[in-house]
Amino acid sequence: MSESISVTPERPPAAPPAGVQPPGRRRRATPVNIHRRREARAAYVFLAPWFIGLFLVTVGPMLASLYLSFTDYSLLEEARWIGWDNYEKMFFEDTRFIQSLKVTTIYVVVSVPLQLIFALALALALDRGLRGLSFYRSIYYLPSLLGGSVAIAILWRKIFGTDGLVNSVLGFFGIEGTGWVSDPDTALGTLILLHVWTFGAPMVIFLAGLRQIPQSYYEAAAVDGASKIRQFWSITMPLLTPIIFFNLVLEVIKSFQSFTQSFIVSGGTGGPVDSTLFYTLYLYLKGFKSYEMGYAAAMAWVLLLIIAGLTGVNFLASKYWVFYGDSK
């Protein structure tokens, strides 16, 4: 009797999932893949200088200054770890630090709004279609280019000096002037005026924003009987709020970093009676005059936190007054 033998056919191997290469096989080098790899390598080569600069010039020094802010470091000796002593001394013992913070805050709070108001007013005047607009725009932009220079600061000190131009003009009208930069009550005011004078950059940005507002809005408002003042508050200002916000953030940051004006006008001392002692000037005096580099590094990080905090507050508050299109 013959036995029947059943033979089970072998199943073919399962196909690998889509997108997974079988083991032992390499992805075929198609012309498209080769081209992408070359583009990626070229991108890394072009980005390499930026990454090198980022880590060597920005990130590296920032991390080093963060470490030094917790040390006693004089540039002449090795840094000695002291923990939070620099920060405690800054806020609880150093009266000049508090004075520098007060002077800088007054400078920012007064000068920035005045500068933006003046820049907007001038932009509105130039937006009326004057002949030679590009020439006037260039002339008015010059103060922003020159206002932070040493030469202008020296000139400003001469203009507001005891025998300067301001007192000469006042004397012509029989008014006896004073030494504006040597009087504690008026010295900071001269620096605020200098900052307002550098209105060129925000003015150009305001002018560009005004040119983007459609004229049809004003024509429709005029048909409805709206006056020029009503058009300004109901059309110009709401549509210009993103530009105002942009200029506000930039000018606040730049104002907290002001240094040259105070250094030159006060002769590098912040006088008279610390009335022009800007935060950055006091940081410079601590780091490069008193050789308290650890303390100066701590001041730098406090300034960074102040600017970051104010910028964050501006962004949070912007949702209540900045209009982007139809959104509030």
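Analyst: One term to start: buried means under 20% relative accessible area, exposed over 50%, and partly exposed in between (1.4 Å probe, protein chains only). This is a predicted model, where local features need pLDDT of at least 70, side-chain atom pairs count only at pLDDT 80 or more, and totals for chains, interfaces and linings use all residues. Residues are numbered from 1 along each chain as its sequence is written, and side-chain values use heavy atoms, leaving out hydrogens and water.

User: Are Phe 97 and Tyr 279 buried or exposed?
Analyst: Both are buried.

User: How many aromatic pairs are there in the whole structure?
Analyst: The search finds 20. Rings of Phe, Tyr and Trp (its six-membered ring) pair if their centres lie within 6.5 Å; planes under 30 degrees apart are stacked, over 60 edge-to-face, the rest tilted. Phe 97 and Tyr 279 have ring centres 5.6 Å apart and planes at 70°, so they are edge-to-face.

User: Where do those two sit in the chain?
Analyst: Phe 97 is in helix H3 (residues 95–126) and Tyr 279 in helix H12 (residues 279–289). They are 182 residues apart, so the pair links distant parts of the chain. Helices are DSSP runs (H or I, at least four residues), numbered from the N terminus.

User: Which residues form the ring cluster?
Analyst: Ring pairs link Tyr 67, Phe 70, Trp 81, Trp 84 and Tyr 87.

User: New topic. What sits over the ring of Tyr 295?
Analyst: The charged end of Lys 89 does, 5.1 Å from the ring centre. Lys 286 also lies over the face of Tyr 295, at 5.1 Å. The cut-offs are NZ of Lys or CZ of Arg within 6 Å of the ring centre and within 35 degrees of the ring normal.
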